[in-house]
Amino acid sequence: MNYYYEIIFIVSIILTSLYLYLWHKHFDINITAIFILIPISNLGFMIFGNAEDVDTLIAGIKIYYIGGCYLIYFITMCIMSLCNIEVKKWIRLTGFLICSFFYSIILTIGNKPYYYQDITLKFLGDGRIIVKTYGPLHSIFYITVGIYFAIGITAIIYSLFKKKQISNRVLYLLFLPEIISVFGFFGTALVRGKYEIMPVTFVFAQIVYIFIVKRMSMYNVSDMVIDSMVQTGETGFVSCDFKYHYLGSNETAKDIIPELRSLTVDESLIGNETLGKTVLHWIKHFAEDEKAGRNLYIRSISDNPDDDRMYLVNVNYLYDDKKKRGYQVFLTDDTKNQKYVRLLDKYNSQLEEEVEKKTKHIVEMHDNLILSMATMVESRDNSTGGHIRRTSIGVRILIDEMKKDSLLGLSEEFCRDIIKAAPMHDLGKIAVDDAILRKPGKFTDEEYEKMKTHAAEGAKIIHEILAETDDDSFKSIAENVAHYHHERWDGSGYPEGLKGEEIPLEARIMAIADVYDALVSKRVYKDKMSFEEADKIIMDGMGRQFDEKLKKYYIAARPMMESYYSAIDC
């Protein structure tokens, strides 16, 4: 007795068992269907091969045609899947229904003439003869099978030339079961022998598909990454549906949020105090605003008070293929990064503090240098000394009154800069000859003209001194104060003869403080005036020598200025 069909059936069972042993959830479902169908088909062939009457023979045919009708469909879908060629749902359904239609016709064998008009079984000695008379749908079925094969081969060839992200080795392997299956379906009609060759081709196809799934599992990078993340335990996962029913979590998530261990699947997160403040809170934030549920940071919520771990929380939708089924919460231990960030922030704060101290020291040195230069110039003058300090105080008193008027809109930067620039207003006198600068009496016209050059010279000197400074506002105000503090409102001043608002505001303010100090201070060539006399001269000069809009601020500042000058010996 020959055991050809029994051996083939057993081998197919062994190969399917091997596949199940190797099976992984990411294996293609079409390949799984192929490994299920092949043993069923080979069982049919075994019944067919050992049949001793027509009824048993027909029963075997109906069983092995389960594979005959559906295997070609799943082989084609497998090729499309492994080649990353999307097949629309309605096309997949139509293909399956076509196969089901033909199998329903197969089930009529022995009763209807659609597929086989007649089938007989005769025995001659040790052999047997099967005579089949084909019906009209037999040829149509084989044409359909040929179309399926053509689609599969076309997809493989297309992918070989167009798909760069698919292994050519896998594509070459896909050719083998396709060609073997073609030979199994159509070779039986060409090779007339004692045994059917189709079950053998099925077994060879199984062997090839085992090599394919082993290879493909290495190329499925996204699935491998996800599995690796779950296995390494670096990221926690918590899932729930849209009604906030708990679907599951991994061990890492349960370590982070121990409350998850007491939760059962399908239990609602609503009403659980701990999860309401954590998982449910994050999900609701995400539901309201998707950006609000991402890149959140939480401290460890374990019972250990020494646990200072920090976790990065991200919420996203839970997808089933392309459909949203619920929410997924991801928890990643980010303690090291956060500690590094805190350390970096601390270092930056200390660095900023040190830089601020150094900068402040440099600025103070710079200011002292300028003030020393101004004092040196003043020592060459024939004044009684202290003019620089007194005018600086006078400017400060005027500015304090002007700051009270919100309509002026003076910035803090402007107020600070003009007070800081006031000591530099006469710096240009360093360029005036001592004979003129220290003359005890009145200047001649020629001497006066030379004295007037100190304003423009002062602006040049300040421009050179402050050339490298980043404070453009202070540089501009300091130059203007030195250059234009002798300009007059009516245009009769020097050195440019500016009038009205052509004169910068800082220079107009400096002019009042400068003249007031000259009036109430003692010089070698004159006595100091009384406050009343000085006030009369200043008031008479409003609108001619001084900006009349500054009059009210001068009046408001006068009591403080008189108090200051009364307290010093000038």
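The model is predicted: local features need pLDDT of at least 70, side-chain atom pairs count only at pLDDT 80 or more, and totals for chains, interfaces and linings use all residues. Residues are numbered from 1 along each chain as its sequence is written, and side-chain values use heavy atoms, leaving out hydrogens and water.

**Stop 1: the cores.** Select Ile61, Tyr65, Tyr115, Leu174 and Tyr209. These residues have the most contacts inside the largest nonpolar core, which has 67 residues. (A nonpolar core is a set of buried Ala, Val, Leu, Ile, Met, Phe, Trp, Tyr and Cys residues joined through side-chain atoms within 4.5 Å; buried means under 20% relative accessible area, with a 1.4 Å probe and protein chains only.) Elements that give two or more residues to this core include helix H3 (54–82) and strand E1 (116–124). (Helices are DSSP runs of H or I, at least four residues; strands are runs of E, at least two; both are numbered from the N terminus.) H3 gives the most, with 17 residues. Apart from this core lies another, of 41 residues, among them Ile461 and Tyr516.

Stop 2: Select 235–241 and 246–249. These are strands E3 and E4, antiparallel and joined by three bridges. (Strands pair if DSSP finds at least two bridges between them.) Cys240 stands opposite Tyr246. Four residues separate the strands, and Tyr244 in the turn has a positive phi of about 65°.

**Stop 3: the helix pair.** Which residues in H13 meet H14? Val395, Arg396, Ile399 and Lys403 do.

Terms used:
Buried < 20%, exposed > 50% of the residue type's maximum accessible area, 1.4 Å probe, protein only. Contact = heavy atoms within 4.5 Å.
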